[in-house]
Amino acid sequence: MSTRLACGGRLIDRRAPRTFSFNGKKMRGFLGDTLASALLANDQMLVGRSFKYHRPRGIVAAGPEEPNALVGLGTGSRFEPNQRVTTTELFDGLTATSQNHWPSLEFDVGVVNNYAARFLPGGFYYKTFIHPRFAWKHVFEPIIRRSAGLGKAPIDRDADRYEQAYDFADILVIGGGIAGLQAALVAGRSGARVLVLEQTAHWGGRAPVDEVEIDGLTAGEWIDNAVQELEGMENVTLRLRTMGAGVYDHGYVLAEEKIADHSPADGRPRKRLWRIRAAKVIAAQGAIERPLSFAGNDVPGVMLAGSVRDFVVNHAVAPGDRTVVVTNNDDAYRTAILLVEAGLSVPAVLDARPVADGELPRRARAMGIRVETGRAIAAVKGGKRVTGVATCAQAGQGAVLETVACDSVAMSGGWSPVVHLWSHCGGKLIWDEANAHFRPDPDRPPTGQDGQGMVVTAGSASGALTADAVLADATQAAGGGNVPQATVPQEAPVAAIWVMPQGAGPDLRAKMWLDYQNDVKVSDVQLAAREGYTSVEHTKRYTTLGMATDQGKLSNINGLAVLSQALSIDIPQVGTTTFRPPYTPVTIGALAGEARDEIFQPLRRTPIHEWHETHDVEWEPVGLWRRPYCYRHPGETSHQAVMREVSNTRKNVGLLDASTLGKIIVKGPDAGRFLDMLYTNMMSTLPVGKCRYGLMCNEQGFLSDDGVVARIDDETWLCHTTSGGADRIHAWMEDWLQCEWWDWQVFTANVTEQFAQVAVVGPNARKLLEKLGGMDVSKETLPFMQWQDGTLGGFRARVYRISFSGELSYEIAVPANEGRAFWDACVAAGAELGAMPYGTECLHVMRAEKGFIMIGDETDGTVIPQDLNLAWAISKKKADYLGKRGQERAFLASPDRWKLVGLETLDGSVLEDGAYAPGEGRNANGQRNTQGRVTSTYHSPTLGRGIAMGLVLRGPERMGEVIEFTKLDGTLTKAKIVDQVFYDKEGAKQDV
Amino acid sequence: MRRYSVFAIAREAMRHHTGWERAWASPEPRASYDVVIVGAGGHGLATAYYLGKNFGITNIAVIEKGWLGGGNTGRNTTIIRSNYLQDPSAAIYDKALSLYENLSQDLNYNVMFSPRGLLMLAQTHHEVRGYLRTVHANNLQGVKTEWIGPEKVKELVPIINIHGPRYPILGALYQERGGTARHDAVAWGYARACSAMGMHIIQQCEVTGVRSEGGQVTGVETTKGHIGCKKLGIVVAGHSGQVAAMAGFRLPVESMALQALVSEPIKPCMDVVVMANTVHGYMSQSDKGEMVIGGGTDGFNNYTQRGSFHHIEETLRALIETFPMISRLKMLRQWGGIVDMTGDRSPLISKTPLAGCFINCGWGTGGFKAIPGSGWAMAELVAKGEPGPLAAEFSIDRFKEGRFIDESVAAGVAH
Amino acid sequence: MLILECPHCGIRAEETELSPGGEAHLKRFGPGSSDQEFEDYMFARKNPKGVHFERWRHAYGCGKWFIAARCTATLEVFGTYPAQTAEPPQHIIDAVKTRRPGWEGYK
Amino acid sequence: MLFEGFAKVADAGPVGMITLRAKPGAALDAALGTVPGQRQIAGNVAWMSPDEYLIFVPYADAAAKITELDAALVGIHHLAVDVSDSRAVFDITGPKAADVLSKLMPVDFRTLPVGEIRRSRAGQVAAAVWRHEDGFRLFCFRSVARYVFGLLSHSAQPGSEI
């Protein structure tokens, strides 16, 4: 059984017990445990079921490479699926549940897949479920979806908060093992600004586990000294529990810090996403041990040899009483030696190599450990837990030589450098024959902004697998200097053995797991090769090798090796798949950072926003602004509210918060000339004190914005834009001024937010302003389409006589800080005049009654002003304006354009939004031809009927003609083509 | 070609699956072919397939620089829909959708087409009007779509938050026939079917030049030597400009990075595809259980297949607002692809200034869903030398005339 | 996640502080130009896989437009310069040529 | 608006601000007294871009200052405009004030010198910031003041010290 040893455990604090539960069962561990070590200490070997065959699975590894032991953690709004037990720190009250089984972990019905495994080889679903056609959607796919999928989906809104932060470094060291620490020391002593990240809660990595001696000190002592020195350097920052997730272009590095994962609900953010900009990245993430491929290598109890050491040394947990070690290298002997020293039994070391005469094997033999060379595992015995291994000759086909009873197996297939961060931005790899692994090719690094290499690797991540080489490499990576001396035993080379035994037949190969989580076996890769999925990317995608949540950390190299053997080509020719960020999965909440709820997006508020909030407002998002759509009195529907607002404005007076309208000042000796280019009509001739409606097009000729321009003084114009258009149009102006006409003397300023703007609209508008007092707003002094500065009710105001409703109307701009007070004054002054606020929908109805176009309704990016009967706003005198040439193109200049008209249903009903007018016949693709569409359609309370505008083929030539428009129920409505102005055609009402 | 079936699997299971043949051959190129297609992605392979199936032209080589299906075919978020606003788009995407519906049977390869339904959320009044317009247009185009209210949205997508707070769900444009397919399988299925017709799929073969005589294409230079042809189809999304330059013309195309990501797999929680354009995010759940999420496009030219990370953050923020439960999921893997963007974001299926040379490109962010229709239309263009009705509107000269096919006008995006 | 140095204010701005503006040094064609000239001005883009000159605005900074010489295949930046020029300045051309000896030149 | 977390975030109240757009030269020197160099704040004038300056004055004095500038720059192409009401100003103070901003702005606050104004981005909106004795002063557009305050107070939450 797996158990807690009586003494030892460098990371645990036996005086600090912790209780937790697994599948409802209470268990105990210690502060410093991972969930993995605590489960093993409680003899919980079976922890999950695999993806496809639902095979029983146990803990294999001790770090982020763990493919099997994923659990659901927490409950309710703090539930999280697929948490890796090996990287989960134990805390009091932790609740874990195993995944992907029904009805229970011990007895899972899904395991039938395992018995049918022979019929479910890699890629089998491409070959079947084809007939009958409906069965895929209704039968097979639902079954597959339910049986796949690992953990349960969370349901509740996340109770935790997250944040992000920026940091900058000359040198960013990722990995806090001895390589990372040494690199940081060298860099730190040089005065560079250094940032060091370590994904676990401890410095030092594997060195203490492997009992390395450095400069005469134990690894632990050397690490303590190093950390102490680094902590004393002002130019060095150290961060634990921070995983370097991805390296992006120009030295951008993403890292995820776990702040409160191990202390939930303590008020701190759960995680922090770091966005680091580094001049140079030193990737010192170490190496990951590879499994060996033998039959039954996934039975719970089969673990990586190095991970067994981790558990013993770090947590005083022994995965088994009797452990068989199986290896193709010397390193695994450390495990055998350690276990025996800890008083546990190692019945045998099975070394696949013909000879094992390195220092470590000799030491093992000297301790009395039985070492068998040229041996392999023919099969692992046991179902939910190892009970023994059958051994065989590596050279043969798997004839069993003997059966060794054991309750765990420690395997080692050699070590592979962690090359992810090196590779994310294009660093290339070379195959290292001697160590049988891919390692970074220092001559082909990922390049940065300056075209030079921006990442170097250090230590095992470079392929240096012994402590002396690690320290030398790390020193070099950080710029060179004195290399601390590590005492290491001489190790004989690893043998490139991937499959055991060498001649294993199909039965054995179909039980050798490469990708544990996705259930990809040696036989699956061989099948892919046989069927021509020979590119490594094809193999990966066909078999799903390396696509599980561990992203192939354990399986990739073994898979490549099997593929290369199947194709009879060298491993380097096979190549690797692309490494994609993140290194280990990153919480999506952390990627969104602070941006949720109130601060999900900026919400732009006008100075009058709070008033609306407290006055029955129904909001409408307009860009990032929120504008009142209408104000719903108690008992009213939105539609009723809008109708009331229209009627009241037409009858009495309405107040509109128009503060969101864009306001851009354009000034300079060339300002008139500039505006003549920008607008389709002539602005240079606008007299001071007057206003003119103008249109702006893009270079294609399509209408992009409109608004009223006021001439302020000889050199100054003020351009109003649509609410959504202010920033865009200001940027557009600056673009032309800076990049095309940079010799023109024009300055612009976007003063949209400097002013609150209130529209006072309706027959009583003038009376309202007169009540406020301070300015002569009579027709004579301030006629239609003019503006004036003055004081209204004590407020500094600029008053524009413009109208978007057809009524007598003033738009009044006051300094934003006074906007709310001015609005309040208008409301108060208007009380006895029947003043009511109105929203955007009322504005839309009124402008539609007047036949005014709305950018975004009548226009959609393909409409030119000529289509909208706005030719009067296009200057014939100008040689050029933005969009003029575009409008001359054949398709735009054609007489067969759809043009704007008014539409009146014969029965008075409202045409549907977005309705089309079908034309005669069908086109070559069998689609019904069309001859027009509705652009705006409303019920007009003023006219008591539906009114609409639409674009109709040669519309203005067809006045009086009746055409039909679609309805969603499939029927058609008849409507007459009429003038687009439905209300006060002469314009008498606005000009009083 | 051995037919795939459950019986074939059972038979093979008895002999450890040793009897399966190669899905497609890997021949050396011949000196010349009737047609050379550059690019063995979905569009290129589909073009070859329909040239064979519809026009009996099988003396074809499909040349691929890397591995087949390794470009955008293998990098997209696999959404399939045809609820487009403009007639030409609706026609070709609906053709594609109809072909997808029978593709597994047609190719005898399960491409896992899954018509689980697709929603495009309306979160502003403006979007509501835009999608209503699309429904009206679709009805006339013979594309069945419908407008559904927020309650129905919630019923279809229980994990959605329809009450805002910032952008409440006002309804959605719903296409029941929309869905997803297994992207790699589409390329593999077409490749297998092409190979079975005797066509050559030549991988690891890069085109380095285009040869012509008297304004007529005669072949291509490749890393495997010269390959002659009577007709040439260029179907290389992301690198169209490069190959066009070899053929001597420029395209109204820019190449940019588009990104996507998947979460770790979880048990089924969302059975439809959801697109939310106001907040720029879209999401579906794969058969493996991963939430497949699409992000935005970089605004600058880029060939690195990486893209800028802030787009991922923007997308995820938006999706957490819409689907709060994803906050505690984890991003497993993110990647990028290179997309061709044309002046109106609609594709080109067109003759070119070089006689006998045809181009199919510019699918922007929406190419996967078009594959069968695109191949169908391109095959007709290549076979006849003139576009059929599906391709006619997508000719290159529309830019000169100002005749845009602009889908963005209905607040839609082309994913 | 690019970094580009704004030549106007000297900030090494990151991509999120900038907004891209497409190919630089396009010559504007207005009324009187041929259909071909206008189409090319509007749509034909070099879109090179390699050295590229493109416009950027320091939108979250000084607000000024500048031009970056950048490799679209490796994202290496050769230099940035103010937008008020019709062609790349000589020192930029030189910088590109030093690092891309095989470059065919700007035209 | 006031939030006291591990740093203090406070609305600075109305500040008079004038955007002056003009090209550098003798006339500008004369009008401004000291013209700050690139990204510098000299006296009450901040360099915003090669042809843009921001002038700080008491809130009530903005109009008068504009009149004064217009007079001083008569005949010189320029634009002076009151932007006092279009901005919101916050002070972020305390020993760890930089940590609050580091969570929001892609700016290296360890190297931002006193006397330099940095225009950048805070969360999703534009902002400018500079260092003073007790911390930092930040301004943003008025319409997003509540958003920026939300960002700053989220970032300054006790327990979220970096």
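Biologist: Which strand of chain B is joined to strand β34 of chain A, and how many bridges are there?

Modeller: In this predicted model, β34 of chain A (residues 586-587) is joined by two bridges to strand β16 of chain B (residues 330-342). The two strands run antiparallel.

Biologist: What stands opposite Thr587(A)?

Modeller: Lys330(B), which lies in β16(B), stands opposite Thr587(A).

Biologist: What is the order of the open sheet that holds these strands?

Modeller: The open sheet has nine strands, in the order β34(A)-β16(B)-β12(B)-β15(B)-β14(B)-β13(B)-β4(B)-β6(B)-β5(B). The pairing is mixed.

Biologist: And which strands stand at the edges?

Modeller: Those are β34 of chain A and β5 (146-148) of chain B. Each has a single partner strand, so one side of each is left without a neighbour in the sheet.

Biologist: Let us turn to the whole interface. How many residues are in contact on each side?

Modeller: On the chain A side there are 123 residues in contact with chain B, and 108 residues of chain B take part. The buried area is about 10,200 Å², with carbon and sulfur atoms giving 55% of that.

Biologist: Which residues of chain A lose the most area?

Modeller: They are Tyr126(A), Arg145(A) and Ile588(A), which together give 8% of what that side buries.

Biologist: Arg145(A) again: with which residue does it form a salt bridge?

Modeller: Its partner is Asp271(B), and the closest N and O atoms are 3.6 Å apart. The count between chain A and chain B is 12 salt bridges, and the rule also finds 68 residue pairs in polar contact across the interface.

Biologist: Which element gives the largest share of the chain A side?

Modeller: Helix α4 (residues 133-147) of chain A does, with eight residues. By class, the side of chain A that touches chain B has 53 nonpolar, 33 polar and 37 charged residues.

Biologist: A change of topic: is Arg933(A) buried or exposed?

Modeller: Arg933(A) is found in strand β50 (residues 928-940) of chain A. Arg933(A) counts as buried because its relative accessibility is 5%, and the cut-off for buried is under 20%.

Biologist: What does the side chain of Arg933(A) make a polar contact with?

Modeller: The side chain of Asp860(A), at 3.1 Å. Leaving aside neighbours within four places in sequence, the residues in contact with Arg933(A) include Trp898(A), Tyr916(A), Phe965(A) and, from chain B, Arg133(B).

Notes
Residues are numbered from 1 along each chain as its sequence is written. Chains are lettered from A and ligands numbered from 1 in the order in which they are written. This is a predicted model: local features need pLDDT of at least 70, side-chain atom pairs count only at pLDDT 80 or more; totals for chains, interfaces and linings use all residues. Side-chain values use heavy atoms; hydrogens and water are left out. Contact means heavy atoms within 4.5 Å. Buried area is the accessible area (1.4 Å probe) that two parts lose on being put together, summed over both. A salt bridge is a side-chain nitrogen of Lys or Arg within 4 Å of a carboxyl oxygen of Asp or Glu. A polar contact is a pair of N or O atoms within 3.5 Å; within protein, one must be able to donate a hydrogen and the other to accept it, and residues adjacent in sequence count only if both atoms are side-chain atoms. Helices (H or I, at least four residues) and strands (E, at least two) are DSSP runs, numbered from the N terminus. Ala, Val, Leu, Ile, Met, Phe, Trp, Tyr, Cys and Pro count as nonpolar, Asp, Glu, Lys and Arg as charged, and the others, Gly among them, as polar. Two strands pair if DSSP finds at least two bridges between them. Buried means under 20% relative accessible area, exposed over 50%, partly exposed in between (1.4 Å probe, protein chains only).
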